Amino acid sequence: MKYQRIRFVPWLLIVFSLNMLLSACQGNMDSPNRGSSTPRNQSVTAETLDPVKLKVMLFGDRPIDMDMILQKFEQMTQATLNTALQFEFSPYLENEKKMMLRMSTGEPVDLMFDAPWTKHLFNNVSMGYYQQLDKYFHNDDYPGLKKAFPKAMMDSNKINGHIYTIPLLDSYYDPPAIAIRKDIRESLGMKPLETMNDLTTYFDKVLKQFPDKIPAVIGSRGIFRLGIPDAKGHSDIRLAPMMSDSFTGGIPFSVALSKDGKKVIGAATIGDPDSEFADFPAPFNSHDAIYEHFGTRVQFRKYNNANPLSSEAETALDVSKAASQADTTLSGIARLRQDLQRVNPEADYEPFLLGSQAQRDMQPASIGTTFWANNSLVIPVTSKNTDRTMKFLDWLFSSQDHHDLFELGIEGKHWVKDGVGGYKLTAESPQYRFPGYELTNHSTMSRIFTDNDVKTLAYLKWARNNESYYQLPLSGFIFNSASVATEIAKVKPVMLQASDLLMTGMVKEWKDYAREQNKKWRTQGLDTIRQEVVKQVQAYLDAGGK
């Protein structure tokens, strides 16, 4: 699953008045009454609409019981929405190719996932592929959307002054984590892991005492945020230490600013010579200060599975042989635990956060964010059913029951309520594992899984507190790739291939490899992109951006 840096703006303290039509919905944004819902016989439309089928493109595995949920939805809305949903699920890379093909050929799609981390969102907006959605928000004709997506939130997610996305978030951020086998850790006589030294000690002991187990199972992202530098306290640099942190058209340039934040000093990326970093603010004034984490990944390679870049090999791994799952998030550990305990009821997972030590200690203002929702939905301009698609989303977010149906499945079968805003899994939960971050995640409607251990619940509470965040520089900057689209199209694919190898620590001499790759990227237009980055960031600062 993709990692989820879910971002959020502090709009939860605003109390919005309820529309009469939604008087039975959940309570105010600051203290939601999650148990309430719109009565199922209450219409969200004034008249019965003509039948329509909406095509929805998502990535990942199609939930086994998806058809059951769609049948339930159609039963609930036949007299009102009169809408059928056709979900198409594909593996991520396949979905990415299908998206771009359909955008270029004009094949109709009514709703699909896109987000800043995919590196397509801003490019596709600049290419005119996505519809402006301004008129559907803050609109009494769409009361569910009006309530669920307040103006402050939508303003923070505008692109070039307009709304192109439906932002998805269930917390400010879903911290990347390693799921540690608690039972193995205890059998080694170790206390809960609190520092990176504790983590490596655990992995070393596993290697020695449990040679049949893999200390840290990884996929193509490696141990996702292992060793990533933290720029807290700096307003003079925006780091992009790996591909997913790119804010410049999918090419991960770190951009340095003058101390007063008004001038661009330079933009540098993976494999650049140290001369490109010489004027950067200390301690980021060398290549390795930002990208040494690739060396750390080489050191951790001894702990990993043999073929992290093979999805088939990863799928074939015996979950009971993993002493930790090193590529997950805090919220993802719950599902991993269920899978593990079906194989070994005595086994358990516990979280080790991969961010800074300050984050592991749950300190305030320790997570950097742009306050963008990192996941979102878009409607391509090829859709002929925009109003009907937005009516479906209005229905989805108008009621806790509606939202629960798609995010968790059928109550009593796939999940059960546990207190206000909580839920527990059932034996049939694996039959409906829906990727909520692709359609439903919401800061007040998404329930918290209450079977988590005490430490995980504490982390979840910390991650939902806006005092845990600080704002990154250039947080409002949006790169327009139109003028360098050709160069990006050449550089990005080869950079992604290199990134996979670097992220998994597969290249021992990583610095030499990065330099060689960088020279190749330069022949394909890297410096042209760099110049455009500097030009656009400076224009953003000149216009008053921060």
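**Close-up views of a predicted model**

**View 1. The second largest cavity holds about 40 Å³ of space.** A cavity is a set of points, on a 1 Å grid over the protein atoms alone, where a 1.4 Å probe fits but cannot get out. Grid points are joined across faces, edges and corners, and a volume is the space filled by probe spheres set on the points. This is a predicted model: local features need pLDDT of at least 70, side-chain atom pairs count only at pLDDT 80 or more, and totals for chains, interfaces and linings use all residues. Residues are numbered from 1 along each chain as its sequence is written, and side-chain values use heavy atoms, with hydrogens and water left out. The whole structure has seven cavities of 30 Å³ or more.

**View 2. Helix H2 (residues 92–105) gives the most to the lining of the second largest cavity.** Its share is four residues. Helices (H or I, at least four residues) and strands (E, at least two) are DSSP runs, numbered from the N terminus. Lining residues have an atom within 4 Å of a point. Among them are Phe-59, Tyr-92, Met-99, Asp-114 and His-120.

View 3. Trp-510, Tyr-513, Ala-514, Gln-517, Asn-518 and Trp-521 are the buried ones. Buried means under 20% relative accessible area, exposed over 50%, and partly exposed in between (1.4 Å probe, protein chains only). Glu-516, Lys-519 and Thr-523 are exposed on the other side of H17. The buried residues pack against helices H8 (287–291), H9 (293–300), H16 (485–503) and H18 (526–542). Contact means heavy atoms within 4.5 Å. Gly-525 follows H17, with a positive phi near 115°.

**View 4. A cis peptide bond joins Ala-282 and Pro-283.** Omega is about 5°. Pro-283 lies in the loop between strand E8 (264–268) and H8.

**View 5. His-138 and Ala-365 have positive phi values without being glycines.** Phi of His-138 is near 60°. His-138 sits in the loop between helix H3 (121–126) and helix H4 (143–148). Its relative accessibility is 35%, so His-138 counts as partly exposed. Phi of Ala-365 is about 50°. Ala-365 is in the loop between helix H12 (357–360) and strand E11 (367–369). At 25% relative accessibility, Ala-365 is partly exposed.

Methods: On a 1 Å grid over the protein atoms alone, a cavity is a set of points where a 1.4 Å probe fits but cannot get out, and a pocket is an open set with protein on both sides within 12 Å along at least five of seven lines; lining residues have an atom within 4 Å of a point.
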